[in-house]
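Colleague: Before we discuss this model, could you show it to me, and then let me ask what stands behind some of the terms you use?

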Amino acid sequence: MLNCYDDVLDVTNRLVEVESVVNTKGEIAVAKKLYNMISSLNYFKYHPSQVFLSQTKDDEIERYNVFAFIKGKKGNSKKTVILMGHTDTVGIEDFNTLKDKACSPNELKKALTKEIVPDLVKEHLQSDNWHFGRGVLDMKSGVASHYYLLKYYAEHPEELNGNLVFFAECDEEDSSHGVLSGIQDLLSLKEDQGFDYQALINSDFVAPRYEGDPNRYIYKGTVGKLLPSFFITGAETHAGSSFEGLDPNYIAAELTRQISYNPELCDKSLGETPMPPVSLKQTDFKETYTIQTALSSYVYYNFFIQSWSPKEALELLKNQAEIAFNNAIDQLKERHQKYCEISGQPFSELPWKTRVIVYEDMKKMLLEENGEKYLAHMNQFKENLLLDESLDVRMFSAKVVEEEWKWMKDKSPAIILFYSSLYSPRIDLTGKNEKEQNLIDALDFAIEKVQPNYSNPIVKRNYFPYVCDMSCVALSDDEEGINAVIENNPSWGTKHYVNYDNIRKINVPTINIGPYGYDAHNRYERVELNYSMEMVPNITNEVIKKILQ
């Protein structure tokens, strides 16, 4: 066992003290600090070209990834293991009056002991085995573990039978600019150095799956994530004549009732079930108050997949939208009839019909009807829209659909289904090729060797249950699946683009061995020290040695 506890904790604290909230200058600061820490190691003083900062490509702000690599001297093997982790964090607003202590673990812990907190948090505050602060869990302690192993092999390259690449990425918490840019650097290293990538070990945080869960999990793959989005048009009317129109917010509400928390939309695979979809935004496009109902509304949902392709998900969600639209119309007709009865007004049938259109089909329809004039207009519209820096990719996509809708000849109420953000591909590790099987075997070996040194069970699972950048280093989808993403994203090629071909070129088997704790993205974020500072580096190291033996 490596005697790494104190060193990993020290590096964790040094990284945490840099407030590196995503999309702020802190991302630059933490990258430069890590770069300087690595550059100061003797190995890299003699090999300065083997550590570098790499600015993200096609990014709206300045930020950097940190790369370093060690060439082992035990043999001449080209086999290479990648150690990956992210250095950005979510914001610190949730710390409220303790914001000034959010990145100072010792001060924060003292301050929290004076507050009224949940019982489990209080128990952990009274223990020496728990460390609090923004980023201690998600995931600077994971990066610190990787840094320790980089430092160890920088001091003992004669023990390394192959190569080690350290990759600390920015922007994991928002749009994955870090990993998507970093793939290009990994491909360059592969070509320039002849690296044969055998495995990638990520170090994102792990957490209990349920109350009282004693296990510490290692994940052999990750869920995929889609952001299915729905632009909903209605028929506007004065609120005093509400049954003469169709409120798109009413349809949106029924759509959310149909989709959010629906277990039928859980993609169960390999005996594991991800969380069902949930709404992440629901709004209309009225800028100010009027007595008129809204022209359109917009809603999007988090949607995890494990075996479904993006194309299959579209077909499934179109069906759900049709069910919701039918339900909304049926209920509206019932309410209209009841209103006519109690008000004494004559009853007449409402004209509304269910209409759900997949974005790709709408584009084809508009191109057939309007030709090059439509294309030229939309290209110019998107270019102009890019000038509005207040729009994220999701609202940019909605604005594009809103503009395209104006070109539709049939403007009867409809739901337009599309994807409005990054697709994070699903990954599984099942032993379908030699590299996958070698990684599975190495992980089994490592757990068996380290488990006697730790009291809680160390357990393997197939899918990391949160969104993470493991999704961007391998690809299970075929061309049809990826085309469904490309053709159904209104921002594709302007506000949003992913080089999925580069992901295919990397396509490295990946696992997640990360720090354990509670309340990531919460003011009580904390990491368990024994497992995270000692077991995680040792398990990771055993995997490295087994893979490169």
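**A pocket and a helix**

Modeller: This is a predicted model, and in the second largest pocket the lining has, by class, 5 nonpolar, 7 polar and 6 charged residues.

Colleague: How much space lies in the second largest pocket, and which residues are the closest to its centre?

Modeller: The space in the second largest pocket comes to about 380 Å³; of the 18 residues that line the pocket, those closest to its centre are E236, A294, L295, S296 and E402. Strand β9 (228–233) and helix α11 (393–405) each contribute at least two residues to that lining.

Colleague: What makes α8 mostly covered?

Modeller: A residue is called buried when its relative accessible area is under 20%, and 9 of the 12 residues of α8 are buried, among them P248, Y250, I251 and A252. What covers these buried residues includes β9, β10 (278–284), β11 (296–305), α9 (310–343) and β13 (414–419).

Colleague: What caps the N-terminal end of α8, and which residue just after α8 takes a positive phi?

Modeller: The cap is D247, which has a side-chain oxygen 3.0 Å from the backbone nitrogen of N249, against a cut-off of 3.5 Å for a polar contact. Just after the helix, Y261 takes a positive phi of about 65°.

Key:
Residues numbered from 1 in each chain as written. Predicted model: local features only at pLDDT ≥ 70, side-chain atom pairs only at ≥ 80, totals over all residues. Heavy atoms only, no water. 1 Å grid on protein atoms, 1.4 Å probe; cavity = no way out; pocket = protein on both sides within 12 Å on 5 of 7 lines; lining within 4 Å. Points joined across faces, edges and corners; volume = space filled by probe spheres on them. Helix = DSSP H or I, 4+ residues; strand = E, 2+ residues; numbered from the N terminus. Nonpolar A, V, L, I, M, F, W, Y, C, P; charged D, E, K, R; others polar. Buried < 20%, exposed > 50% of the residue type's maximum accessible area, 1.4 Å probe, protein only. Contact = heavy atoms within 4.5 Å. Polar contact = N/O pair within 3.5 Å; in protein donor to acceptor, adjacent residues only side chain to side chain.
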